[in-house]
Amino acid sequence: MRVVALVGDLLDRSKIAAAIPDTAFASTPEECADADTVVIDVKAHPDAVAAVRELVPAARLVVYGRHDNPEALAAATSSGAATALPRSRFFHDPAAAIRGDE
């Protein structure tokens, strides 16, 4: 399974890489084109869910964002995210979130 993370924050990247070592990191939705699973930081990339869904319709999209912005998480789900979690819950166990065990 190819996991691509559309995440810019270096600390977030290091936590994801520690949990899922083979994760590739992207800066644009286009770089996610061959992914099976795409992780998106919705705070940094608020419009990326719809773009990635269009580019990779079969990919599982896992989104995280701020707990105090549930509207962004709801919008991500409406745009095609399979899972949309508050940041703290996602980083409690990133591998479980990506597997869908959150």
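1. Arginine 66 and aspartate 68 form a salt bridge, with the closest N and O atoms 2.7 Å apart. A salt bridge here is a side-chain nitrogen of Lys or Arg within 4 Å of a carboxyl oxygen of Asp or Glu. Arginine 66 is partly exposed at 40% relative accessible area, and aspartate 68 is partly exposed at 44%. The cut-offs are: buried under 20% relative accessible area, exposed over 50%, partly exposed in between (1.4 Å probe, protein chains only).

2. On provenance: this is a predicted model, where local features need pLDDT of at least 70, side-chain atom pairs count only at pLDDT 80 or more, and totals for chains, interfaces and linings use all residues. Residues are numbered from 1 along each chain as its sequence is written, and side-chain values use heavy atoms, with hydrogens and water left out.

3. The structure holds three salt bridges. One of them joins arginine 87 to aspartate 12 (2.7 Å, N to O). The pair links distant parts of the chain, helix α4 (residues 87-92) and helix α1, 75 residues apart. Helices (H or I, at least four residues) and strands (E, at least two) are DSSP runs, numbered from the N terminus. Arginine 87 is partly exposed at 30%; aspartate 12 is buried at 2%.

4. Leaving aside neighbours within four places in sequence, its contacts (heavy atoms within 4.5 Å) are Val7, Asp41, Tyr64, Arg87 and Phe91.

5. Aspartate 34 pairs with arginine 2 in another salt bridge, closest N and O atoms 2.9 Å apart. Aspartate 34 sits in the loop between β2 (24-26) and β3, arginine 2 in the segment before β1, 32 residues apart. Both ends are partly exposed: aspartate 34 at 49%, arginine 2 at 31%.

6. The largest nonpolar core has 18 residues, and Val38 and Ile40 have the most contacts inside it. Such a core is a set of buried Ala, Val, Leu, Ile, Met, Phe, Trp, Tyr and Cys residues joined through side-chain atoms within 4.5 Å. The largest share of this core, three residues, comes from α2. Apart from it lies another core of 14 residues, among them Ala5, Val39, Val62 and Phe91.

7. Which residues of α2 are buried? They are Ala48, Val49 and Val52. They lie on the same side of α2, because they cover an arc of only 100° around the axis. The arc is taken over directions from the helix axis to the C-beta atoms. These buried residues pack against β1, β3, β4 and α3.
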